[in-house]
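Here's a quick briefing to read with the model open beside you. We'll go through salt bridges, nonpolar cores and the space left inside.

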Amino acid sequence: MQFHKYQGTGNDFVMIDDRVHAFNETDQPLIAQLCDRRFGIGADGLILLRNKPDFDFEMVYFNADGRPSSMCGNGGRCTVAFAKYLGLIGDETHFLAVDGPHEARVEPDGTVRLRMIDVAAAQKAGVGEADVFLHTGSPHHIHFLDPEGGQKLVDFDVYGIGHDIRHDSAYDPAGTNVNFVEIPVDPAQPWPVRTYERGVEDETLSCGTGVTAVALAASQRGAASPVRLQTMGGELEVSFEQRPDGGFENVWLSGPAVRVFGGEV
């Protein structure tokens with residue numbers, strides 16, 4: 001089986017050209033093994049690229065635990081880069097993902113811009129009085145660190161607190177992803193973000209739907225579109241327009257998407 005490894009700001013994926021529909025997507029142990037960092041290729045998730053009528057391609061995403069998952073923003077950008085590598089698209093594309101149709105374009109410098117779904121207004125989170133929740137194709141709990149309390153993201157217990165919130169009964173039965181944000185002194189500067197991802201069940205170096213949720217939530221705290229976000233794996237940018245009802249539209253996630261290597265297993 002041929003595979004390709006891609007990463008977008010450190011969020012990495014096993015990519016498989018499955019236009020012939022030969023991959024057994026029900027084999028969760030196989031997917032988990034391929035994503036295993038010690039006994040497999042190693043990745044935060046696996047993505048199948050498939051043919052789809054009326055679209056350039058379809059993106060089918062699985063978490064590292066082998067289970068089908070909701071939308072992955074960085075995975076979507078990497079799939080676009082993979083489709084261009086395969087010669088399926090030019091600089092613009094229209095493809096289908098689990099949360100519906102998406103547009104994307106590849107810039108001359110290799111940056112991939114992905115149009116996300118429209119997003120409803122932020123809700124009060126089920127856990128934490130000051131926290132918020134948004135669904136950006138995947139569910140995201142957002143916790144802003146208390147600057148007056150001296151909280152710093154670099155020292156924050158992302159795994160421990162993220163694990164507890166991800167499994168909190170308020171988010172039963174599916175759980176949620178959890179993002180922790182340090183508020184910059186200048187809202188125009190990058191907003192530092194760290195994310196605990198369900199399915200991976202650990203912190204990842206970056207999360208595309210997560211930084212999208214953070215950017216939209218940050219608009220209520222002084223950030224103006226486009227918002228720059230600093231993840232552990234690099235910088236991403238999110239632009240958007242806010243609707244009168246508090247929701248968001250014309251949401252675009254932008255950043256690098258890089259082929260790391262390829263091979264066969």
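Let's begin at Arg115, which is partly exposed, with a relative accessible area of 26% (buried means under 20%, exposed over 50%, and partly exposed in between, using a 1.4 Å probe and protein chains only). Keep in mind that this is a predicted model: local features need pLDDT of at least 70 and side-chain atom pairs count only at pLDDT 80 or more, while totals for chains, interfaces and linings use all residues. Residues are numbered from 1 along each chain as its sequence is written, and side-chain values use heavy atoms, leaving out hydrogens and water.

**Salt bridges**

- Arg115 pairs with Glu103 in a salt bridge, at 3.5 Å from N to O (the rule asks for a side-chain nitrogen of Lys or Arg within 4 Å of a carboxyl oxygen of Asp or Glu).
- Arg115 sits in strand S7 (residues 112-115) and Glu103 in strand S6 (residues 100-106), so the pair ties together parts that are twelve residues apart in sequence. Strands here are DSSP runs of E, at least two residues long, and helices are runs of H or I, at least four, numbered from the N terminus.
- Glu103 is partly exposed too, at 36%.
- Glu235 and Arg228 form another salt bridge, with their closest N and O atoms 3.0 Å apart.
- Lys5, Asp12, Arg37 and Asp44 are linked up in a network of salt bridges.
- How many salt bridges are there by this rule? The count comes to twelve.

**Nonpolar cores**

- The largest nonpolar core has 48 residues, and Leu134, Ile142 and Leu229 have the most contacts inside it. A core is a set of buried Ala, Val, Leu, Ile, Met, Phe, Trp, Tyr and Cys residues joined through side-chain atoms within 4.5 Å.
- Helix H4 gives the most to this core, with seven residues.
- Apart from it lies another core of 14 residues, including Val14 and Cys35.

**The cavity**

- There's one cavity of 30 Å³ or more, and about 90 Å³ of space lies in the largest cavity. On a 1 Å grid over the protein atoms alone, a cavity is a set of points where a 1.4 Å probe fits but cannot get out, and lining residues have an atom within 4 Å of a point.
- The lining of the largest cavity has 14 residues, with Ser69, Met71, Ser138, Asn177 and Glu197 nearest its centre.
- Strand S4 (58-63) and helix H4 (208-218) each supply at least two residues of that lining.

Technical notes: 1 Å grid on protein atoms, 1.4 Å probe; cavity = no way out; pocket = protein on both sides within 12 Å on 5 of 7 lines; lining within 4 Å. Points joined across faces, edges and corners; volume = space filled by probe spheres on them.
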